[in-house]
Amino acid sequence: MLEQVWLSRRWFALSLSALVACGGSGAGTPDAAMDANDATVTPDALGEPTADQLRAATATCTVIGGKYAKDSGGTATVDICGATGVVFWTADMDVDCDGKMTPECNLQADPAYQNQTAASDSMGNALDAANLPYVVFPGASTKFTYSAHDLGMRSVVAVVYADKVVYGVAGDVGPKDIIGEASYAMAEALGIDPDPSTGGTNEPVLYIAFTGANSKVTPIEDHDAATTLGIARARDSFGL
């Protein structure tokens, strides 16, 4: 009996020595399995696509629409580009303050203010430009018709400015001949002066709209949902 106990202890000691010699774990041990799981890269661990990645992914333009002016009376130089699952363009940003009347958006702040938007929220009300990041599509014309390219109100859009990326939705429709407009909240989130009369930027702003029914946000006013969906569509569309 004593000999059996001694042999058992001897076997345990030899096993422990072998384990230590292998660095404390080995293939097939619980620690090894944990290390393998820790090394697995999940989509959430990849992080959000960066501004530079999105610019690189849209560096080549296959023209599907245009040309547009950035401002009323300006020279038409902006093309709309297309690729699988995306429509994109680079313009400036003017500030849209239409929709729900707020301290930021009203006739005093914006002489061109209108109390309606092309899209409505889930309660049937005009969108809140001061609090919802959204993008304005140009009106349908021979230059480009967004619905003909599987886009619509609620389509998720990535907007890239400097080193920032903000996701929003298509929420309003503007003039037929100009492009480059987004809501007060979108400008503010990007670090652009959101004042509807004096704000905006003439610096390059990249707009990437994702096509298809699986790229639409419900309800339209759910900005967190737009961000989550936008990141997923950017990764999927560009392999990021």
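Residues are numbered from 1 along each chain as its sequence is written, and side-chain values rest on heavy atoms, with hydrogens and water left out. Because the model is predicted, local features need pLDDT of at least 70 and side-chain atom pairs count only at pLDDT 80 or more, whereas totals for chains, interfaces and linings use all residues.

Strands are taken as DSSP runs (E, at least two residues) and are numbered from the N terminus, and two strands are said to pair if DSSP finds at least two bridges between them. Strand S1 (residues 63-68) and S2 run antiparallel and are joined by 4 bridges, with Asp-79 in S2 as the bridge partner of Gly-66. Strand S2 (residues 78-83) in turn pairs with S3 in the antiparallel sense over 3 bridges; Gly-82 has Val-87 of S3 as its bridge partner, and Ala-83 has Val-86 of S3. The hairpin of S2 and S3 has 2 residues between the strands, and Gly-85 takes a positive phi near 80 degrees there.

With strand S8 (residues 201-210), S3 pairs in the antiparallel sense over 7 bridges, and Val-87 stands opposite Ala-209 of S8. With strand S7 (residues 181-183), by contrast, S3 runs parallel, and 3 bridges join the two; here Val-95 stands opposite Ala-182 of S7. Strand S3 is mostly covered, in that 9 of its 11 residues are buried, where buried means under 20% relative accessible area, exposed over 50% and partly exposed in between, as found with a 1.4 Å probe on protein chains only.

Aromatic contacts were examined next. Rings of Phe, Tyr and Trp (its six-membered ring) pair if their centres lie within 6.5 Å, and planes under 30 degrees apart count as stacked, over 60 as edge-to-face and the rest as tilted. A search of the whole structure finds 4 aromatic pairs. One of them, formed by Trp-89 and Tyr-207, is stacked, with 5.6 Å from centre to centre and 15 degrees between the planes. This pair links distant parts of the chain, since Trp-89 belongs to strand S3 and Tyr-207 to strand S8, 118 residues apart. Both Trp-89 and Tyr-207 are buried. The pair of Phe-137 and Tyr-146 is tilted, at 5.3 Å centre to centre and 50 degrees between the planes. Phe-137 counts as buried because its relative accessibility is 1%, and Tyr-146 counts as buried because its value is 17%. Trp-89, Phe-137, Tyr-146 and Tyr-207 form one aromatic cluster.

The largest pocket holds about 430 Å³ of space. On a 1 Å grid over the protein atoms alone, a pocket is an open set of points with protein on both sides within 12 Å along at least five of seven lines, and lining residues have an atom within 4 Å of a point; the volume is the space filled by probe spheres set on the points, which are joined across faces, edges and corners. The lining comprises 23 residues, of which Asp-96, Asp-98, Gly-174, Pro-175 and Glu-181 lie nearest the centre of the pocket. Strand S3 (86-96), strand S4 (134-138) and strand S6 (164-174) each supply at least two residues of this lining. By class, the lining has 12 nonpolar, 5 polar and 6 charged residues, where Ala, Val, Leu, Ile, Met, Phe, Trp, Tyr, Cys and Pro count as nonpolar, Asp, Glu, Lys and Arg as charged, and the others, Gly among them, as polar.

How values were computed
1 Å grid on protein atoms, 1.4 Å probe; cavity = no way out; pocket = protein on both sides within 12 Å on 5 of 7 lines; lining within 4 Å.
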